[in-house]
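Trainee: Could you take one part of this model and walk me through it closely? Please keep it plain.

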Amino acid sequence: MINNDYNIELSRLNQIESVDIPHLKNVSMIVKDRVDSHSYDPIVWDHLKNLSDEPHLSNDLLELRSGTKPADVPNIPYLNIQIDIESSNKLGRNVRYLRIYRNNDDISTQKAVVYIHGGAYYGGSAEDTLPFLKLLATKFNGIIYSVDYGLAPEKPYPAGIEDCLSVVMDVVKKHSQISLAGDSAGAAMALGVSQMCHNMGICEIYKHVLYYPTVVHGSDYEGALWNDHLIPINPEQKQVLHNNYTQFKQLDQIMTKYYLAGQNFDLEAPILSPMYADPLTFKKVLVMTGEFDPFRLQDEAFVQKVGMAGCLAKYIRYGGLAHAFLNYTGRIPAVEDSIQEFADFLN
C-alpha cells in the first residue's frame, strides 16, 4: 500500500517545471531535486552504502546475470491492463515480445512504443519491465511492446538489435506513430534500432524515451564523461559515489566484452555507440537519468548533441537517484513521476 508521504512527494515532483541550465545548450531541462538536495535517496543509499572503497566486479556470467534481476519490486495490481504474448518472424527470426495495453476503448490504435529492456546486454527480460510498463499502460494512450531479445554472449552484437528491429517491422504494419524506448543498454539498442529504421527505409521513429542510456563503448575512464568529482554531493556520501563510479567503469568494460563476444568491431560505430551517430536521426528525444548515475555525464553530452543539432531534446535529472532506478517502481515516488513524464511525452 502506497503511503501518504509517497503521494505528497509525487505531487511535489509533478509540479517542478523546466529550468535553464547554462552548460546544456538547446536542451529543455528539468532538475527534480530532493528536498534534501545533493544526497542519495534513503532507499538507494541503503543499496549502495556498503560498497567497498576498492569494489571488484566479478566476470562470472551467472553472477552478473543474477545482479540484473530487480529485487523487492511490489506487485501492484492495475485494473484493465491486458498482457498478450506474441512473436515476430521478420528478418527470418523468431522473437518473442509482450503486448501491454489498457483493455478499454480510450486508447489510440495509431500510437505504439517499442520498449527494449536493460541488463548490460547479457541480462534482463521482457518480464522484468512489467512493473513499470503496466504503470505506463495506465497513462499512455497507445500500445506498448516489450521485446525479449537474445542476450549476449550467446547472441552477440548485432543479434539483439536485429531482434528488436524484427519486432519494429512487425509493429509498423499495425500503427502509424511508432516510438522507441529503453533503459541503460536497452536505451543504447533503441538508438541503434532507430538508425537502422531510418537507413533501411522501414519507418521514421516518432520519439525516443531513454532511461539512463549508455551511449559510448570504449570511452576514456579518466576523461570528462567519468569524472565523479564534477558531481556535487553531500561530503559524507562522496566516497560511496566514487566507489559506484569505480564499479561502473569495470561494468562498462565487462558488458562490452560480453556484447561483442570476441568480435573485432569498431567501438565508434554509431549503431554500437550512439554518441557518434548523426543526431539528426533522433528528431525528438527525452532522456531521464539519476543525479548520481555513473552514466549521467555521457547522457548529458548526448542530449546536448541532439539539442545542438536542432532536434527536440528534453532532459530530466532526478535528485538522489543512481542507475537502474526503474527497479524501485512503487517504492520511490520519483520513479512514478518519470513514468508520468514518459506518458506525457508520447501522448
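Trainee: Which residue follows H6, and is its phi positive or negative?

Mentor: Gly 201 follows H6, and its phi is positive, near 75°. Before we go on, two notes on the source. This is a predicted model, in which local features need pLDDT of at least 70, side-chain atom pairs count only at pLDDT 80 or more, and totals for chains, interfaces and linings use all residues. Residues are numbered from 1 along each chain as its sequence is written, and side-chain values use heavy atoms, with hydrogens and water left out.

Now the helix itself. Helices are DSSP runs of H or I with at least four residues, and strands are E runs of at least two, numbered from the N terminus. H6 covers residues 185-200. Its 16 residues reach 22 Å from the first C-alpha to the last. That is close to the 22 Å expected at 1.5 Å a residue; the expected span is 1.5 Å times one less than the number of residues. H6 is mostly covered, with 13 of its 16 residues buried. Buried means under 20% relative accessible area, exposed over 50%, and partly exposed in between, using a 1.4 Å probe and protein chains only.

Next, its partner. H5 (residues 159-171) packs against H6 at an angle of about 60°, with the axes 9 Å apart. Axes are lines fitted to C-alpha atoms, for helices over the stretch in contact, and angles run from 0 to 180 degrees between N-to-C directions. That angle makes H5 oblique to H6. Under 35 degrees counts as roughly parallel, over 145 as roughly antiparallel, 65 to 115 as roughly perpendicular, and the rest as oblique.

Look at who touches whom. H5 brings Gly 160, Ile 161, Cys 164, Leu 165 and Val 168. H6 brings Met 189, Val 193, Met 196, Cys 197 and Met 200. Contact means heavy atoms within 4.5 Å. By class, there are 9 nonpolar residues, 1 polar and no charged. Ala, Val, Leu, Ile, Met, Phe, Trp, Tyr, Cys and Pro count as nonpolar, Asp, Glu, Lys and Arg as charged, and the others, Gly among them, as polar.

Finally, step back to the loop between S5 (143-147) and H5, where Pro 153 lies. A cis peptide bond joins Ala 152 to Pro 153, with omega about 0°. Pro 158 is in the loop between S5 and H5 too. Tyr 157 and Pro 158 are joined by a cis peptide bond, with omega about 5°. Most peptide bonds are trans.
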